[in-house]
Number of protein chains: 2
Amino acid sequence: MSTGRERAASSPTVADVAKAAGVSFATAARALGGYGHVSAKARAAVEAAGAELGYRRNDVARALASGSTRSVGLVVGDIENPFFATVSRGVADVLEPEGYTLLLANSDEDPAREARAIEALRTQVDGLLIAPAASAGAARTQDPGKPLVLLDRSVNGLEADCVTVENAAGATRAVEHLVERGHRRIGIVTSGAGSSSTAQRIRGYRGALKAAGLEIDPAWEAVTPEFTPTGARDAALRLLGAPKRRRVTAVFATDNFMTHGVWLAARELGLKVPDELAVVAFDDIDWLTLVDPQVTAVVQPVMELGREAGRLLLRRLAEPGAKVRRVRLGTELVVRASSG
Amino acid sequence: MSTGRERAASSPTVADVAKAAGVSFATAARALGGYGHVSAKARAAVEAAGAELGYRRNDVARALASGSTRSVGLVVGDIENPFFATVSRGVADVLEPEGYTLLLANSDEDPAREARAIEALRTQVDGLLIAPAASAGAARTQDPGKPLVLLDRSVNGLEADCVTVENAAGATRAVEHLVERGHRRIGIVTSGAGSSSTAQRIRGYRGALKAAGLEIDPAWEAVTPEFTPTGARDAALRLLGAPKRRRVTAVFATDNFMTHGVWLAARELGLKVPDELAVVAFDDIDWLTLVDPQVTAVVQPVMELGREAGRLLLRRLAEPGAKVRRVRLGTELVVRASSG
DNA sequence: CTGAAAGCGCTAACAG
DNA sequence: CTGTTAGCGCTTTCAG
């Protein structure tokens, strides 16, 4: 079985290839690593020897020696939220072609877990993309000492590249639309305003009511501490369970989980949409056009949000001293049947 | 500004902490790294110095020295597919508590991209989880030389730990249900059978028809090469656009993208579900209970699939020589309104 | 329990 | 263009 000449079972290293190719360690390293100058002849010899031995570069060693890992970390609230799934895809689409690998972590919208994720990721990546759970939270205090871009949400007092959408304006537009349709009692179903984007949507909602000369009734603001469809359902049930005469005739849901909850609650209560309850959602998502009636929504460019964040990170990686850039993406109200 | 005593701006290393704590390099390394024996006194000194200087372990260096990265790679078809999003979450849920970081890559169901992803990940991880794009593809030829577990799909001739669901049985049950409801012309909307799970579902469909003594008509099998809802819609349109007399009265969709396509096509053609068309889906997904009528589905334990895969990898990491284990998870048919 | 020293596999000066 | 030689920051023998 044994010819008595095999190497150890583990992967061949640059030194092994160099020996086999009959060149110096440095030459082999250069040819294999694709840097510096190597003559065509030497390169050919090294490549042949490399292929023969089945050489494969050790990225960990390369990272330690070069100081760059060629990977980036992404911390999202919950990868099961289609919003973040799409964002991740956008990020991957711009970073992978540049040779970066994506490291993913879920924060579960919890600043403590977010902090742990940042800590676990910081030394293994060249840069970090974070959708901060709370605007006062971990992302600010955890300075990873690496390029960082904030995604979808900003953090008070943190001077970092940031991509968001026009949350307040989008929310305002949604509510204006409801006002135009004749609604006077307009509620909102939202998660606790931990994230800046949610906070801004709430602000946009209130601003639009005020601008229309309408009352702002705390009883119309259903807040769930849980960032889940069932949490949203419970909150919506409380809001919509009010006696008909005091009940809101329209509701604005601040994100796709909230919309899901509203939809469940309306069905449970037997409220006819849009006749008994008009609905406008923030964030478009597949099923909004699959249900009947289809749901009116503030569409945000989710994939582009991820892409742009990726681009910002790429730029900062290339140019660490560049001026902080804050990109704000527009939204669009797409009117469908649920708003009457 | 300068007291003339600061260190370089970069992160402090074990050596810096050792010096500050007045102990040897090795002692500091042990205390900081949490291994070996260190006296309480020395540990306290090191910890104080570490906190003072803001020491943070460099995981890349640790990985190179120890040979273990404490991270694992996950290659999925498309993180935007809710199925994979949930799987990822399941994997993360079991691996993160063990201190592993998750590296994510999308293969876009393309063996070539899958191969590239495996290659990019292999040296940076302790183990790999892969949902192989094709049963003949990359996962087999790319031997990463690291523990590997197959997720949701198996690969012919690859002796590796594997978690799947009972695809054929689930599909058979779905079709039997349709037969019980009196259907005789039952179609299928599916992606090309690149993956083992899809292939098995198609097999289950055919098997059930045969067992019921029904015809197996190739014209009833709508196949899309694209693994997307729009691809599925196009295929479904062709299937359902047939003249009424020859048209199928029921359709089985092999996964959630296919179901989405069927739903779109049925609406476009104005087919009333379930009266003019009964629908059964493989894989339950949120919106199936949000639409009207609600969709009957073969429910698979998606989160558990991810968790179990994570557990298998953990086991193999701990015990590399263990016997290959193949886990098969059960499914359950949940009857709702779409099947009549 | 502590210390010294040898690497992990590669990149990056620096000479030639 | 090629070769030599330090490290990168940590884990891990091996002695004491």
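User: In which loop of chain A is A:Pro293 found?

Analyst: Bear in mind that this is a predicted model. A cis peptide bond, with omega at about 0°, joins A:Asp292 and A:Pro293. As for its place in the chain, A:Pro293 is found in the loop between strand E9 (278-282) and strand E10 (296-299) of chain A.

User: Which residue does a cis peptide bond join to B:Pro293 in chain B?

Analyst: Most peptide bonds are trans. B:Pro293 lies in the loop between strand E9 (278-282) and strand E10 (296-299) of chain B. With omega at about 0°, the cis peptide bond there joins B:Pro293 to B:Asp292.

User: Is B:Asp283 buried or exposed?

Analyst: B:Asp283 lies in the loop between E9 and E10 of chain B, and although it is not a glycine, it has a positive phi of about 90°. Buried means under 20% relative accessible area. Because the relative accessibility of B:Asp283 is 3%, this residue counts as buried.

User: How does B:Asp108 count by its relative accessibility?

Analyst: B:Asp108 is found in the loop between strand E2 (101-106) and helix H6 (111-121) of chain B, and it has a positive phi of about 55° without being a glycine. The cut-offs are under 20% for buried and over 50% for exposed. With a relative accessibility of 30%, B:Asp108 therefore counts as partly exposed.

User: What kind of axis relates the two copies, chain A and chain B?

Analyst: Chain A is superposed on chain B by a rotation of 180° with 0.0 Å of shift along its axis, at an RMSD of 0.1 Å. The same surface serves both copies, since 100% of the contact residues of chain A recur in chain B.

User: Which element gives the most residues to the surface near DNA strand D?

Analyst: Helix H2 (25-33) and helix H4 (59-66) of chain A, together with helix H2 (25-33) and helix H4 (59-66) of chain B, each supply at least two residues of this surface. Its residues divide into 12 nonpolar, seven polar and four charged. With four residues, the element that gives the most is H4(B).

User: How far is a phosphate oxygen of DNA strand D from an N or O atom in the side chain of A:Thr27?

Analyst: There are 23 residues around DNA strand D, and A:Thr27 is one of those that come nearest, along with A:Arg30, A:Ser39, B:Tyr55 and B:Arg62. Of the atoms of DNA strand D that come within 4 Å of the protein, sugar and phosphate account for 58%. For the side chain of A:Thr27, the distance is 2.5 Å.

User: Which residue of chain A has a polar backbone atom 3.4 Å from a base nitrogen of DNA strand C?

Analyst: Of the atoms of DNA strand C within 4 Å of the protein, 62% belong to sugar or phosphate and the rest to bases. On the phosphate side, one oxygen is 2.7 Å from a polar backbone atom of A:Val14, and a phosphate oxygen is 2.5 Å from an N or O atom in the side chain of B:Ser39. On the base side, the residue whose polar backbone atom is 3.4 Å from a nitrogen is A:Ala61.

User: Which residues have the most contacts inside the largest nonpolar core?

Analyst: In soluble globular proteins, nonpolar side chains tend to be buried together. The largest nonpolar core here has 152 residues, and apart from it lies another core, of 30 residues, among them A:Leu103 and B:Leu158. Leaving aside neighbours within four places in sequence, the contacts of A:Leu129 include A:Val72, A:Leu95, A:Leu151 and A:Leu313. Those with the most contacts inside the largest core are A:Leu129, A:Trp287 and B:Leu129.

User: What is the relative accessible area of A:Thr259?

Analyst: A:Thr259 lies in helix H11 (residues 256-269) of chain A. Not counting residues up to four places away in sequence, A:Thr259 touches A:Ala253, A:Ala281, A:Trp287 and A:Leu288. A:Thr259 is buried, and its relative accessible area is 1%.

How values were computed: Residues are numbered from 1 along each chain as its sequence is written. Chains are lettered from A and ligands numbered from 1 in the order in which they are written. This is a predicted model: local features need pLDDT of at least 70, side-chain atom pairs count only at pLDDT 80 or more; totals for chains, interfaces and linings use all residues. Side-chain values use heavy atoms; hydrogens and water are left out. A nonpolar core is a set of buried Ala, Val, Leu, Ile, Met, Phe, Trp, Tyr and Cys residues joined through side-chain atoms within 4.5 Å. Buried means under 20% relative accessible area, exposed over 50%, partly exposed in between (1.4 Å probe, protein chains only). Contact means heavy atoms within 4.5 Å. A residue is near a molecule or strand if one of its heavy atoms lies within 4 Å of it. A polar contact is a pair of N or O atoms within 3.5 Å; within protein, one must be able to donate a hydrogen and the other to accept it, and residues adjacent in sequence count only if both atoms are side-chain atoms. Ala, Val, Leu, Ile, Met, Phe, Trp, Tyr, Cys and Pro count as nonpolar, Asp, Glu, Lys and Arg as charged, and the others, Gly among them, as polar. Copies are superposed by least squares on the C-alpha atoms of residues with pLDDT of at least 70 in both.
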